[in-house]
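Please look over the sequence and the structure before reading on.

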Amino acid sequence: MNPLPRLQKILSETGVASRRHAEELIREGRVTVNGRLARIGDKVDPSRDHIKVDGRLVASPAAKAYLMLHKPKQVVTTSEDPEGRAVVMDLVKARVPRLFPVGRLDYDAEGILLLTNDGEMAHRLSHPSFEVRRTYWVKVKGKPAPEEIRKLSRGITLEDGPTAPCRIVPRREGRENAWLEMTLREGRNRQVKRMWERMGYPVLKLRRLSFAGLSLGGLKAGEYRHLRPAEVEKLKKMTQERPAKGGT
Ligand code: URA
């Protein structure tokens with residue numbers, strides 16, 4: 001078994017303070033572990049112990065975090081971009097170790113993006129067998145006919161296989177473009193764009209309105225917030241059991 005880490009190490013890993021500052025906090029009597037005043041060198045189990053600084057619970061590295069971000073356009077859904085473009089992690093100031101995005105949104109797409117350090121949950125939310133719903137607001141070049149919309153919603157075949165049935169609701173038409181709302185239960189790479197391209201209607205704008213029943217509410221592009229406990233519970237329930245019909 002790994003030896004338990006020292007308290008000051010955990011405090012610095014959670015971003016509360018540097019190692020040295022963490023020692024000062026402990027010396028000043030501002031840190032408690034399970035309600036007892038901490039001492040320098042105390043060993044802690046971050047997955048069990050309640051560590052508080054100035055009476056406030058510190059997020060431990062083992063604690064799971066769930067955030068929603070309104071990803072703006074011109075931002076890459078990664079932690080680092082070799083081309084030096086802005087990345088979603090630059091936007092999140094929460095000091096949560098090992099946070100990563102659930103799935104991805106294209107560079108030129110905007111909308112809701114979940115971030116977590118819960119690998120199992122992220123995997124399940126992205127896995128096709130859980131059929132997690134994603135709703136998009138799509139602007140296409142051209143005006144698809146009702147029959148074409150029906151065809152696309154029944155499913156078409158792309159290079160990586162047939163698409164599952166989806167819901168498409170036409171919302172608005174201009175002289176040269178159309179706006180539609182589209183709900184998918186799968187999330188393949190560039191799927192929405194590829195579906196419309198195949199039908200001859202290139203996507204001009206793409207915004208994800210909701211993911212797994214969560215929507216942005218008042219969050220503006222670039223803003224984020226922690227999910228509320230009830231929202232996390234809902235996600236957990238949704239991903240607890242694999243749907244009976246399964247899939248790959
Ligand atoms: N479909 C796309 O084509 N792009 C996205 O970013 C998300 C879904």
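Helices (H or I, at least four residues) and strands (E, at least two) are DSSP runs, numbered from the N terminus. This is a predicted model, in which local features need pLDDT of at least 70, side-chain atom pairs count only at pLDDT 80 or more, and totals for chains, interfaces and linings use all residues. Residues are numbered from 1 along each chain as its sequence is written, and side-chain values use heavy atoms, with hydrogens and water left out.

**Helix α6**

- Seven of the nine residues of α6 are buried, so the rest of the structure largely encloses this helix. Buried means under 20% relative accessible area, exposed over 50%, and partly exposed in between (1.4 Å probe, protein chains only).
- The buried residues are Gln-191, Val-192, Lys-193, Arg-194, Met-195, Trp-196 and Met-199.
- They pack against β8, α5, β9 (157-158), β11 (167-173), β12 (177-184) and β13. Contact here means heavy atoms within 4.5 Å.

**Where α5 meets α6**

- The axes of α5 (residues 146-154) and α6 (residues 191-199) come within 11 Å and cross at roughly 135°. That makes α5 oblique to α6.
- Axes are lines fitted to C-alpha atoms, for helices over the stretch in contact, and angles run from 0 to 180 degrees between N-to-C directions. Angles under 35 degrees count as roughly parallel, over 145 as roughly antiparallel, 65 to 115 as roughly perpendicular, and the rest as oblique.
- From α5, the contact uses Glu-148, Ile-149, Lys-151 and Leu-152; from α6, it uses Met-195, Trp-196 and Met-199.
- The residues of this contact divide into five nonpolar, no polar and two charged. Ala, Val, Leu, Ile, Met, Phe, Trp, Tyr, Cys and Pro count as nonpolar, Asp, Glu, Lys and Arg as charged, and the others, Gly among them, as polar.

**Helix α4 and Met-121**

- In α4 (residues 119-126), Met-121, Ala-122 and Leu-125 are buried. Seen down the axis of α4, its buried residues fall within an arc of 100°, so they line one face of the helix. The arc is that of the directions from the helix axis to the C-beta atoms.
- Their cover includes β5 (66-71), β7 (110-116) and α7 (229-238).
- Met-121 has 4% relative accessibility. Leaving out residues up to four places away in sequence, Met-121 touches Tyr-66, Val-232, Leu-235, Lys-236 and Thr-239.
- Met-121 and Val-102 lie 19 residues apart in sequence and 8.8 Å apart in space, C-alpha to C-alpha.
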